[in-house]
Amino acid sequence: MARTQRRGRRIMMTPDELDAFLTAERTCRVATVSADGAPHASPLWFVWHGASLWLYSLTRSRRWADLRRDPRVAVVVDAGQTYGELRGVELTGSVVRVGETPRTGAPCPELDAPERLFARKNFGVEEMVHDGRHAWLRLTPDAVASWDFRKLGQV
């Protein structure tokens, strides 16, 4: 269970709003820490399923190397153009690898739903195509902070 948000409760998302937002959005920003302590942030497509953020990452990337050494991440998903439209979520915790690395499509029941959702959401197809260059990371967050500035006009 993720820690409850203490600040900004007036504009935080309800659990249903959070689920709807993370289900609809496509791109997140994943922040990792390099071996020398330098931060690294990179965009990545994701799916939200089962109270977890599922990330399909290149295994030969700086992000992957960082996470193999230190699985802690901060992930931000945000949207909005003007101040009054801004909304988003920050999820923090540690990722775990799921399935084979790299993914070639070997049976993995735990990936059935995330792969189906990812294929539909991002490629408009029913089955995931595996290229042998990516693998799955699952973030079940320890803490979640959200904001929806559209609520400022409702208070």
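Student: Is Glu115 buried or exposed here, and why?

Tutor: Keep in mind that this is a predicted model. Buried means under 20% relative accessible area. Glu115 comes out at 8%, so Glu115 counts as buried.

Student: What does the side chain of Glu115 make a polar contact with?

Tutor: With the side chain of Trp136, at 2.9 Å. Leaving out residues up to four places away in sequence, Glu115 touches Arg103, Met128, His130 and Trp136.

Student: Which helix does Glu115 lie in?

Tutor: Helix H3. For the general idea, an α-helix has 3.6 residues a turn, so residues three or four places apart point the same way. In H3, the buried residues are Ala113, Pro114, Glu115, Phe118, Ala119, Lys121 and Asn122. Their cover includes helix H1 (15–24) along with strands S2 (39–49), S3 (52–58) and S6 (134–139).

Student: How far apart are the end C-alpha atoms of H3, and what should the helix span?

Tutor: H3 has 12 residues (112–123), and at 1.5 Å a residue they should span 16 Å; the end C-alpha atoms are 16 Å apart, so the two agree. Then look just past the helix: Gly124 has a positive phi of about 70 degrees.

Note on methods. Residues are numbered from 1 along each chain as its sequence is written. This is a predicted model: local features need pLDDT of at least 70, side-chain atom pairs count only at pLDDT 80 or more; totals for chains, interfaces and linings use all residues. Side-chain values use heavy atoms; hydrogens and water are left out. Helices (H or I, at least four residues) and strands (E, at least two) are DSSP runs, numbered from the N terminus. The expected span of a helix is 1.5 Å times one less than its number of residues. Buried means under 20% relative accessible area, exposed over 50%, partly exposed in between (1.4 Å probe, protein chains only). Contact means heavy atoms within 4.5 Å. A polar contact is a pair of N or O atoms within 3.5 Å; within protein, one must be able to donate a hydrogen and the other to accept it, and residues adjacent in sequence count only if both atoms are side-chain atoms.
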